[in-house]
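Subject: Structure handover

Hello,

Here is the structure for you to look through. My notes on it follow below.

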Amino acid sequence: MPRLTPERREAKRAEIVAAARRCFSRDGFHQTSMPDIAAEAGVSAGAPYRYFAGKDEIILAIAGDAFRLVFAPIQELAAASAAPSVADLVTASLRALSAETVTDAAGHDVPVGELLRCAVQTWSELLRNDAARAHALDGFESVRGSIADALRRGQAAGTVASAVDPERGARVVMGLLHGFLLQRVAFGLTDTAAFAGDIRTLLAEG
């Protein structure tokens with residue numbers, strides 16, 4: 001059999017991830033087996049193991065894509081803007097959450113709805129999977145630090161209230177986004193523009 005080129009190997013890996021994401025989104029992590037993923041991808045039962053050690057590794061890859069969708073826009077704004085407000089930070093992420101598709105780490109278009117359903121399931125994984133929790137904690141702390149730094153710059157520029165503790169404020173921002181994500185997936189909250197407007201109004205009243 002001809003040896004796979006790096007490009008072809010990455011393409012096959014992406015196909016398996018996409019198949020797993022569809023299965024997880026539809027049936028859940030623990031109702032989906034590796035043979036289910038192989039069948040969805042149209043490959044032999046052993047083929048996924050050429051690219052992943054097991055299902056947990058696939059879950060981590062998909063969880064990474066899901067949380068990049070939520071928090072990468074905030075980190076980009078925090079790095080690019082001199083003094084973003086809290087509402088600016090939240091709104092940047094809400095725009096990504098309202099899209100139909102997003103580009104994953106491999107450069108492929110991914111349905112946002114699938115990713116968000118996987119993201120919600122990932123939270124339960126953090127209670128049982130130490131590797132998933134460690135991975136998530138690293139990402140959480142990185143994003144929290146970026147937001148806290150942005151809030152400090154906002155305080156210096158007068159766009160963020162001086163009474164706000166940047167470290168706690170960063171957790172509040174992340175909490176707003178986690179809450180929106182859950183409400184979108186579980187309860188059908190999709191009016192992102194109105195949600196963002198209400199955040200601006202509530203923050204202004206505060």
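In helix H1, these residues are buried: Lys12, Ala14, Ile16, Val17, Ala18, Ala19, Ala20, Arg21, Cys23, Phe24 and Ser25. Buried means under 20% relative accessible area, exposed means over 50%, and partly exposed lies in between (1.4 Å probe, protein chains only). Helices (H or I, at least four residues) and strands (E, at least two) are DSSP runs, numbered from the N terminus.

Before going on, note that this is a predicted model: local features need pLDDT of at least 70, side-chain atom pairs count only at pLDDT 80 or more, and totals for chains, interfaces and linings use all residues. Residues are numbered from 1 along each chain as its sequence is written, and side-chain values use heavy atoms, with hydrogens and water left out.

Back to H1. The cover over its buried residues includes H2, H3, strand E2 (109-111) and H5. H1 has 22 residues. From first C-alpha to last it reaches 31 Å, close to the 32 Å expected at 1.5 Å a residue. The expected span is 1.5 Å times one less than the number of residues. After H1 comes Gly28, with a positive phi near 95 degrees.

Next, the core. The largest nonpolar core holds 45 residues. A nonpolar core is a set of buried Ala, Val, Leu, Ile, Met, Phe, Trp, Tyr and Cys residues joined through side-chain atoms within 4.5 Å. Phe24, Ile58, Ile62, Leu89, Leu94 and Ile147 have the most contacts inside it. Elements giving two or more residues to this core include helix H1 (6-27), helix H3 (55-80), helix H6 (130-157) and helix H8 (192-205). H3 gives the largest share, 9 residues.

Phe24 is worth a look on screen. Leaving out residues up to four places away in sequence, Phe24 touches Phe29, Thr32, Ile37, Lys55, Ile58, Ile59, Ile62, Cys118 and Gln121. Contact here means heavy atoms within 4.5 Å.

H3 also packs against H6. Their axes are 9 Å apart, at an angle of about 10 degrees. H3 is therefore roughly parallel to H6, a label for angles under 35 degrees. Axes are lines fitted to C-alpha atoms, for helices over the stretch in contact, and angles run from 0 to 180 degrees between N-to-C directions. Residues of H3 that meet H6 include Leu60, Phe71 and Ile74. On the H6 side, His135, Ser146 and Ile147 are among them.

Ser85 sits in the loop between H3 and H4. Is Ser85 buried or exposed? Ser85 counts as buried, at 14% relative accessibility. Beyond four places in sequence, Ser85 touches Thr159, Val160 and Arg200.

Last, the charged pairs. The count comes to 13 salt bridges. A salt bridge is a side-chain nitrogen of Lys or Arg within 4 Å of a carboxyl oxygen of Asp or Glu.

- Arg26 and Glu40 meet at 3.2 Å, N to O. The pair links distant parts of the chain, with Arg26 in helix H1 and Glu40 in helix H2, 14 residues apart. Glu40 is partly exposed, at 27%.
- Arg8 bridges to Glu15, with the closest N and O atoms 4.0 Å apart. Arg8 is partly exposed at 40%, and Glu15 is partly exposed at 36%.
- Arg128 and Glu125 meet at 2.5 Å, N to O. Arg128 is partly exposed at 47%, whereas Glu125 is buried at 1%.
- Glu141, Arg144, Asp149, Arg152 and Glu167 form one network, joined by salt bridges that share partners.

Best wishes

How values were computed. Parallel < 35°, antiparallel > 145°, perpendicular 65-115°, else oblique.
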